[in-house]
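Subject: Structure handover

Dear colleague,

Please find the structure below, with the sequence alongside. My notes on what was found in it follow.

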Amino acid sequence: MPTSRGHRADLLSGLKGNVIILGATTSLTYFAESMAYPYELLYLQALGAPALAIGLFGSLASSLVLVSRLLGAYAADSRGRKEVAVLATFGVALSYSVIAAAPFWWIAAVGVALVGAFSSLSLPALQALTADSAASGRRGLAYALVDTLPSALSVFAPISAALLVERSGLVQGVRLVYALGALLALSAGLVRALWLEETLVRAPEPPSLFARLVSSVKGAIATLKGVQAPLLPLAVALVVNSFEESMFRFMPLYVVDVAGIGETEWALLSSIFFAVPLVAGLPLGLLVDSIGRRNSMLLAYALWVPATLYFVQCRSTLEMALVFTAFSLGASLFNPAYQAMLADLAPREARGRVMGAVGALRLLASIPASALAGLLYSEGPAYPFLLAAILGVANTAVITLLIEEPSAHRE
């Protein structure tokens with residue numbers, strides 16, 4: 001009978017040290033993000049921002065994030081995964097400081113946009129680092145691990161934020177939350193700078209910046225020609241999913257202002273998004289590798305669509321807890337599934353560009369979606385979520401009819 005030590009070694013075989021470093025440092029950035037998330041819109045509203053302005057500013061912020069994603073995708077395959085990840089993490093720390101000190105809502109909104117921009121800048125590099133540091137048969141587990149380790153601490157993040165808000169009031173408490181977030185992001189950046197290992201093997205660079213750009217574009221076109229057919233339906237599904245996600249931007253305001261859940265209870269409910277992956281993340285990551293990426297995405301929508309329809313009817317904390325559990329279980333399946341499928345379809349040397357390009361398409365969808373969500377919420381608070389349910393049904397059809405499971409995985 002194998003020992004527990006041998007079982008753990010077998011489970012983690014095919015993974016490199018970068019996966020653990022990324023999981024540990026992402027725990028710090030997730031904790032900061034998870035403290036701020038429940039109060040972000042409530043903070044902007046308290047500083048004087050109307051719902052429609054929040055939606056419109058969200059569209060502008062998505063445009064900035066799109067530019068950052070494109071730059072991040074190029075930099076991940078030219079400058080290196082590690083350098084991009086480290087510099088962007090320091091940028092997140094600086095942005096949190098701006099939000100903490102903002103005297104007006106629009107300055108705080110600029111800081112929120114900068115957090116998104118720097119996070120987006122690092123995402124292709126972080127995804128590529130994870131894919132590069134895991135064997136093909138362990139990529140679902142690797143992405144789940146990078147998501148699950150942060151959940152261990154993030155469970156307590158909304159609770160910590162709620163205590164600060166209860167003690168100091170909404171505005172001052174949230175300022176303290178963002179100040180703490182700046183310190184956590186700074187710490188994550190330092191750890192990544194010291195211990196992450198670069199995985200990009202650089203080819204000899206052309207002699208000029210223009211030549212490097214031309215070479216990068218040619219390489220990207222050649223790569224996309226090779227994977228265009230299988231990537232197209234997946235890209236469509238991810239674009240629809242991004243538009244759908246934008247409808248949930250106003251969830252905190254709906255829960256507090258419409259469903260009548262208190263601000264502290266809302267923060268506690270937010271912990272579910274991190275508690276569920278902590279318990280189920282690794283098993284579901286293994287399930288992704290077992291039943292396949294496509295089936296995992298379908299199972300996620302089987303949870304999401306009914307939960308969304310039930311969400312608009314919820315008026316109690318218990319009902320909301322059940323809905324949030326379904327949302328979180330779905331995300332724990334969908335996220336590692338689609339990321340692993342992208343990694344399976346993209347060659348190693350262009351993985352950053354492929355992931356960045358698909359991410360850019362998703363961001364393009366979120367630009368009008370955020371403004372539409374603000375308009376719909378102003379007309380009727382339930383409207384954005386009803387549209388999300390309709391889009392969920394449509395995306396289920398796309399995944400069922402158009403997406404095929406990759407027949408072979410790339411290293």
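Helices (H or I, at least four residues) and strands (E, at least two) are DSSP runs, and both are numbered from the N terminus. Helix H4 covers residues 51-78, and just after H4, Gly80 takes a positive phi of about 120°.

Two remarks on the source. This is a predicted model, in which local features need pLDDT of at least 70 and side-chain atom pairs count only at pLDDT 80 or more, while totals for chains, interfaces and linings use all residues. Residues are numbered from 1 along each chain as its sequence is written, and side-chain values use heavy atoms, with hydrogens and water left out.

Overall picture

The protein has 17 helices and 0 strands. Of its 411 residues, 53% count as buried (buried means under 20% relative accessible area, exposed over 50%, and partly exposed in between, with a 1.4 Å probe and protein chains only). Contact here means heavy atoms within 4.5 Å. Among contacts between residues at least 6 apart in sequence, 88% join residues at least 24 apart.

Helix lengths

The expected span of a helix is 1.5 Å times one less than its number of residues. H4 has 28 residues and reaches 40 Å from its first C-alpha to its last, close to the expected 40 Å. H17 has 20 residues and spans 28 Å between its first and last C-alpha, close to the 28 Å expected. Buried residues in H17 include Pro384, Phe385, Leu391 and Val398.

Helix packing

Two packed helices are described by the angle between their axes and the distance between the axes. Axes are lines fitted to C-alpha atoms, for helices over the stretch in contact, and angles run from 0 to 180 degrees between N-to-C directions. Angles under 35 degrees count as roughly parallel, over 145 as roughly antiparallel, 65 to 115 as roughly perpendicular and the rest as oblique. A crossing is left-handed if the near helix is turned anticlockwise from the far one by less than a right angle, and right-handed if clockwise. For residue classes, Ala, Val, Leu, Ile, Met, Phe, Trp, Tyr, Cys and Pro count as nonpolar, Asp, Glu, Lys and Arg as charged, and the others, Gly among them, as polar.

H14 (residues 293-311) packs against H17 (residues 383-402) at an angle of about 160°, with the axes 9 Å apart. The two helices are therefore roughly antiparallel, and H14 passes H17 in a left-handed crossing. Among the residues making this contact are Arg294, Met297, Tyr301 and Phe311 of H14 and Phe385, Ala388, Gly392 and Ile399 of H17. By class, the contact has 12 nonpolar, 5 polar and 1 charged residues.

H14 also crosses H15 (residues 317-345), at roughly 155° and with the axes coming within 8 Å. H14 and H15 are therefore roughly antiparallel to each other. Their crossing is left-handed, and their contact has 22 nonpolar, 3 polar and 4 charged residues.

H8 (residues 157-168) and H12 pack at an angle of about 165°, with their axes 8 Å apart. That makes H8 roughly antiparallel to H12, and the crossing is right-handed. The contact is made by Pro158, Ile159, Ala162 and Glu166 of H8 and Thr264, Ala267, Leu268 and Ser270 of H12. It holds 5 nonpolar, 2 polar and 1 charged residues.

Single residues

Trp266 is found in H12 (residues 263-270). Trp266 has a relative accessible area of 0% and so counts as buried. Not counting residues up to four places away in sequence, Trp266 touches several others, including Tyr37, Leu42, Met251 and Phe324. Its C-alpha atom is separated by 9.9 Å from that of Leu253, 13 residues apart along the chain.

Gly260 lies in the loop between H11 (251-258) and H12. At 57% relative accessibility, Gly260 counts as exposed. Gly260 and Cys314 are 54 residues apart in sequence and 9.6 Å apart in space, C-alpha to C-alpha.

Val19, in H2 (residues 17-36), is buried, with a relative accessible area of 1%.

Ala182 sits in H9 (residues 170-195) and is buried at 10% relative accessible area. Leaving aside neighbours within four places in sequence, Ala182 is in contact with Ala93, Tyr96 and Ser97.

Regards
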